[in-house]
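Hi,

Here is the structure I said I'd pass on.

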Protein chains: 2
Amino acid sequence: MKPSDFDSLATYMSAVGSAARQAATETARADTAAKNLALTTMAAAIRRQAAALLEANARDVEAARAKQLDAAFIDRLTLKPSTVETMAEGLSQMAALPDPVGTITDLTPRPSGIQVGKMRVPLGVIGIVYEARPNVTADAAGLCLKAGNAVILRGGSEALRSNLAIAVCVHEGLRAAGLPETAVQMVATPDREAVGHLIRDEAHVDVIVPRGGKSLIERIMHEARVPVIKHLDGVCHVYLDADADPGKAVRIADNAKTQRYAPCNTMETLLVHQAVAATLLPPLCAIYRDKGVELRGCARARAVVPAMLEAAEEDWHTEYLAPILAVRVVDSFDQAIDHIARYGSQHTDAIVTENHTAAMRFLREVDSSSVLVNASTRFSDGFEYGLGAEIGISTNKLHARGPVGLEGLTTQKWIVLGGNQIRGQIRT
Amino acid sequence: MKPSDFDSLATYMSAVGSAARQAATETARADTAAKNLALTTMAAAIRRQAAALLEANARDVEAARAKQLDAAFIDRLTLKPSTVETMAEGLSQMAALPDPVGTITDLTPRPSGIQVGKMRVPLGVIGIVYEARPNVTADAAGLCLKAGNAVILRGGSEALRSNLAIAVCVHEGLRAAGLPETAVQMVATPDREAVGHLIRDEAHVDVIVPRGGKSLIERIMHEARVPVIKHLDGVCHVYLDADADPGKAVRIADNAKTQRYAPCNTMETLLVHQAVAATLLPPLCAIYRDKGVELRGCARARAVVPAMLEAAEEDWHTEYLAPILAVRVVDSFDQAIDHIARYGSQHTDAIVTENHTAAMRFLREVDSSSVLVNASTRFSDGFEYGLGAEIGISTNKLHARGPVGLEGLTTQKWIVLGGNQIRGQIRT
């Protein structure tokens, strides 16, 4: 299906949606062996065609350089032989993951004689909107397919040549398994309005998963009519409680900030109980200073570590994604909880404490997609949680919350196994 | 909080939302005993104040009569002593249901040493938009509270006096349990624009549950910015397979249509495999005729039962909610599946068959919130499924699908129990 075969972008996108909806009935029906064969064939094709992928990518990179796009952009766009191998390896690993589709749970007899349970089934058609990162193409196609869905991929237009080369490998896998190529479609136009059509196509698309920066996600949130699985910010906190073990506190608060600066699960604000601020902040801040982390503190934190800059109100709201950390001393456990409720992004928050009651209250009362006790916020991802792979992290409260893996790409329906039961009693 | 205390409807609704958000932190924290005490106190207050409730309701009914609203409307609006008792009994039963909040599941050790699991927690703030049916007020307030949520109730303005009288009882229960009265708020204005503010208040409201007719739900679907748990249509099918047991086929197809005509889980289209049409349709249609059901059939159905009217294309799309049934003879199992995919509303569909493969394929391939084998579609509700109570039925694919009970009014977050773990390996 090519955009040039259609008289407008709207009719092209509608045809893509309609073909995906049709393909979704076949992917939903496909058995595990067929889906796994598709995935392993895709992996083999990517390995075999590595040279062609790298060549297509080199042309994308050249065009991006000519447009003077920045170094970080070029870095995300560039495929190396090792990234190609990682794509192939990712697809092979998906083949090894358990298939969630068809699982029946909670089958329970009812007084009427019927048995009621739930069956896990694919969502249907997934739209993935992402930036110019070609490795996402194979990853997203594989995960959506394993969960029994058809997928429409809309990657950044600067990666279009790379993505189309990857799509050749993906389609080879689908054909090998007797599945329609329309189960994985690339939107083959650089026109940005294509995204607008996709995210409003309630008739053909069941859910949109945006992957990318904040401006992309904000645009999609505001324009979408289709439900969106997403997170916007990761303003993550570590709270060092009055009863924190000092060794654990320093080790976890160091790792949560400095292991990597860019991920969404990196700590952006450190909260410290007043009773332990004088003991914990000096050794911790010495570590941060040695690692080049800029500190922005409240007045009480600066009284303990005067070298800190003064934090402004907006620091508490900010996801730095950089070696910068906001530090606040709180009066009490309750003030820590209130701070997180007010300034947090409901992504990932951790407490360090030896006190059981504080740990249990923190787990229950902090309304975030992941809440941790005595562990680094950096653990909040699908691999570390054992999902095998993840399509993203969600701060939605409905459906998929936190790291989203295969299960988040499926839903459950009620099933009833009867033996000639009819309703008798009349209810209103 | 009264609308007259505010300078505009927008500021009033925003204050209601903000108070609900605040109250939700307390209802989320409330233990099971407190919530149950609130529910049983509400039930006792409703029984004690039955006379006052009936009197307030009589004034609503009188005003509705003066406005010449129709008989069905007046019927839904009118409280009888028995409906008041049913409201109280419903609240008592909710107190007896297991509390979903705080349940921890799937706690599993990971290679890193952390333990990862899920904790069930309230959604937060629920908005319920409904028509002039005062019994919904107590029901919705009780269910939302038991699931740990704050709720904003916006009932039809013709029932405002009744609803405010019920709210007095609900608030007595909240006070008795030490919970804020703002945990259950009635929107105390007949201004229809209040609904518009409520369903766009993403900052304060986590989910909207509309209960009512199709025009109400359509309006909310189109205007809402907050996620909506809803179903629009219940175009439910019974498919009598080639391998249907004739006795079961007649009994189930009779019950699915005629036990009650108005519910959303009543069959609206009967599909019959061509191999059994000549045997099954005559006895079944005789029953429908005796019960006064108008039949509208395809050409092949009319060849077997000539007394049927001719079905038009739009009949296959129609939720009659009345003693009318569309009847179609299909060539094959696959054509039945295709018909349901094309014309159905993904609500509830049943197959009658003795064939195991057909039963299993129907369960897996029919993409509806409830799929039944050898049982009447009329079983598709929260009481029959063992949920104890339901706030509605959802045809959404995300989050809550099918009958929605206490669990559908909660969500899960990830919890991590660590012992000083930090992230080591660097991933991209």
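This is a predicted model: local features need pLDDT of at least 70, side-chain atom pairs count only at pLDDT 80 or more; totals for chains, interfaces and linings use all residues.

Let's start with one residue in chain B. B:Glu354 sits in the loop that links strand 12 (348-352) to helix 14 (356-365) of chain B. If you skip the neighbours within four places in sequence, B:Glu354 is in contact with B:Asp243 and B:Asp245. B:Leu97 is another matter: 257 residues separate B:Glu354 from B:Leu97 along the chain, and their C-alpha atoms are 36 Å apart.

Now the two chains together. Chain A can be laid on chain B by a turn of 180° and a shift of 0.0 Å along the axis, with an RMSD of 0.0 Å. In chain A, A:His399 has the C-alpha nearest the axis, 1.9 Å from it.

How many residues of chain A are in contact with chain B? There are 57, and they meet 57 residues of chain B. Strand 2, helix 10, helix 14 (356-365), strand 13 (370-375) and strand 16 of chain A each supply at least two residues of that side. Strand 16 of chain A gives the most, with eleven residues. Since 100% of the interface residues of chain A are also interface residues in chain B, the copies meet through the same surface.

Within chain B, strand 2 (residues 115-122) and strand 16 (residues 410-421) pair in the antiparallel sense over eight bridges. One pair to find there: B:Val116 has B:Val416 in strand 16 of chain B as its bridge partner.

You can trace strands 1, 2 and 16 in chain A too. Eight bridges join strand 2 of chain A to strand 16 (residues 410-421) of chain A, and the two run antiparallel. A:Gln115 has its bridge partner, A:Leu417, in strand 16 of chain A. Strand 2 (residues 115-122) of chain A also pairs with strand 1 (residues 104-109) of chain A, antiparallel, over four bridges. There, A:Thr105 is partnered by A:Lys118 in strand 2 of chain A. The hairpin of strand 1 and strand 2 of chain A has five residues between the strands, and A:Gly113 takes a positive phi near 105° in it.

On the subject of phi, most residues other than glycine have a negative value. Which residue of strand 13 of chain A is worth a look, then? A:Asn374 is in that strand, and it has a positive phi of about 55° although it is not a glycine. With 23 C-beta neighbours inside 10 Å, A:Asn374 counts as buried. B:Gln68 also has a positive phi, near 60°. B:Gln68 is in the loop between helix 3 (50-66) and helix 4 (71-77) of chain B, and with 8 C-beta neighbours inside 10 Å it counts as exposed.

Next, the domains. Chain A is assigned domain 1 (3-229 + 403-415) and domain 2 (236-379), and their C-alpha centres lie 36 Å apart.

There is another sheet to see in chain A: four strands in the order 5-4-3-6, open, with parallel pairing. Strand 5 (184-186) and strand 6 (207-211) of chain A are its edge strands. Three bridges join strand 4 (residues 150-154) of chain A to strand 5 of chain A, and A:Leu153 stands opposite A:Met186 in strand 5 of chain A. Helix 6 (residues 135-146) of chain A packs on the sheet, touching strands 3, 4, 5 and 6 of chain A, with its direction at about 160° to that of strand 4 of chain A.

Cheers

Methods
Residues are numbered from 1 along each chain as its sequence is written. Chains are lettered from A and ligands numbered from 1 in the order in which they are written. Two residues are in contact if their C-beta atoms, placed from the backbone, lie within 7 Å. Two strands pair if DSSP finds at least two bridges between them. Axes are lines fitted to C-alpha atoms, for helices over the stretch in contact, and angles run from 0 to 180 degrees between N-to-C directions. Domain bounds come from an automatic or database domain assignment. Copies are superposed by least squares on the C-alpha atoms of residues with pLDDT of at least 70 in both. A residue is buried if 20 or more other C-beta atoms lie within 10 Å of its own, exposed if 12 or fewer, and partly exposed in between; C-beta atoms are placed from the backbone.
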